[in-house]
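Please report on the predicted model shown below. Cover its fold elements, its core and the confidence behind them.

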Amino acid sequence: SGKLPEWENKPAPAIAIKYWQLSEDAVMRDVLMAVRADEACHRHVNHTLSDLPADGKNPFIGNHGQHGNNGGQIDQQGPA
């Protein structure tokens, strides 16, 4: 049925509270919801990037040189 009643009131681990910036009284259900939301974002980014042509512009990076940006071009060479 997808229900985990034993986790409804089980406190979230401190590391999860810190990483996902949850409230101090967060429970495991809150952690699961945060993980799902985070993974949904990764899915969107990964699918968008995989659909770009080899010389396509990365729509998630602006043209202001942030994060080693090479003008939005996808680096086909990998790390130097």
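The report goes from the whole chain to single residues.

**Basis.** This is a predicted model, in which local features need pLDDT of at least 70, side-chain atom pairs count only at pLDDT 80 or more, and totals for chains, interfaces and linings use all residues. Residues are numbered from 1 along each chain as its sequence is written, and side-chain values use heavy atoms, with hydrogens and water left out.

**Confidence.** The protein chain averages a pLDDT of 78, and 74% of its residues score at least 70. The pLDDT is the predictor's confidence in each residue, on a scale from 0 to 100. Over residues 64-74 the score is below 50, and this stretch has 19 contacts in the model beyond near neighbours in sequence. Residues 76-80 also fall below 50; that stretch has 1 contact beyond near neighbours in sequence. A contact means heavy atoms within 4.5 Å. Where pLDDT is low, the predicted coordinates should not be read in detail.

**Whole chain.** The secondary structure of the protein chain comes to 2 helices and 0 strands. Helices (H or I, at least four residues) and strands (E, at least two) are DSSP runs, numbered from the N terminus. Of the 80 residues in the protein chain, 16% are buried. Here buried means under 20% relative accessible area, exposed means over 50%, and partly exposed lies in between (1.4 Å probe, protein chains only). The accessible surface of the chain is about 6,600 Å², and carbon and sulfur atoms account for 54% of it. These areas come from the Shrake-Rupley method with a 1.4 Å probe; for residues, only the protein chains shown count as cover. Take the contacts in the chain between residues at least 6 apart in sequence: 4% of them join residues at least 24 apart.

**Core.** The largest nonpolar core has 8 residues: Ala12, Ala16, Ile17, Leu22, Ala26, Met28, Val31 and Ala34. Helix H1 (14-19) and H2 are the elements that give two or more residues to this core. H2 gives the most, with 3 residues. Such a core is a set of buried Ala, Val, Leu, Ile, Met, Phe, Trp, Tyr and Cys residues joined through side-chain atoms within 4.5 Å. In soluble globular proteins, nonpolar side chains tend to be buried together. Ala16 is in contact with Gln21, Leu22 and Val31, leaving aside its neighbours within four places in sequence.

**Between the helices.** Gln21 is found in the loop between H1 and H2. Its phi is positive, about 50 degrees, although it is not a glycine. Most residues other than glycine have a negative phi. Gln21 counts as exposed, at 72% relative accessibility.

**Aromatic pair.** The structure holds 1 aromatic pair. The ring centres of Tyr19 and Trp20 are 4.8 Å apart and their planes stand at 85 degrees, so the pair is edge-to-face. Rings of Phe, Tyr and Trp (its six-membered ring) pair if their centres lie within 6.5 Å; planes under 30 degrees apart count as stacked, over 60 as edge-to-face and the rest as tilted. Tyr19 is exposed at 58% relative accessibility, whereas Trp20 is partly exposed at 28%.

**Before H1.** Lys10 lies in the segment before H1, and Pro11 is placed in the segment before H1 too. Lys10 is partly exposed, with a relative accessible area of 43%. Pro11 is exposed, at 58%. Neighbours within four places in sequence aside, Lys10 is in contact with Val27 and Met28. On that basis Pro11 touches Ala26, Val27 and Met28. The C-alpha separations are tabulated here.

| C-alpha pair | Separation along the chain | C-alpha distance |
|---|---|---|
| Lys10 and Arg29 | 19 residues | 8.3 Å |
| Pro11 and Asp25 | 14 residues | 7.0 Å |

**After H2.** Asn58 sits in the segment after helix H2 (28-50). Asn58 is buried, with a relative accessible area of 16%. A polar atom of the Asn58 side chain lies 2.8 Å from the backbone nitrogen of Phe60.

How values were computed
Polar contact = N/O pair within 3.5 Å; in protein donor to acceptor, adjacent residues only side chain to side chain.
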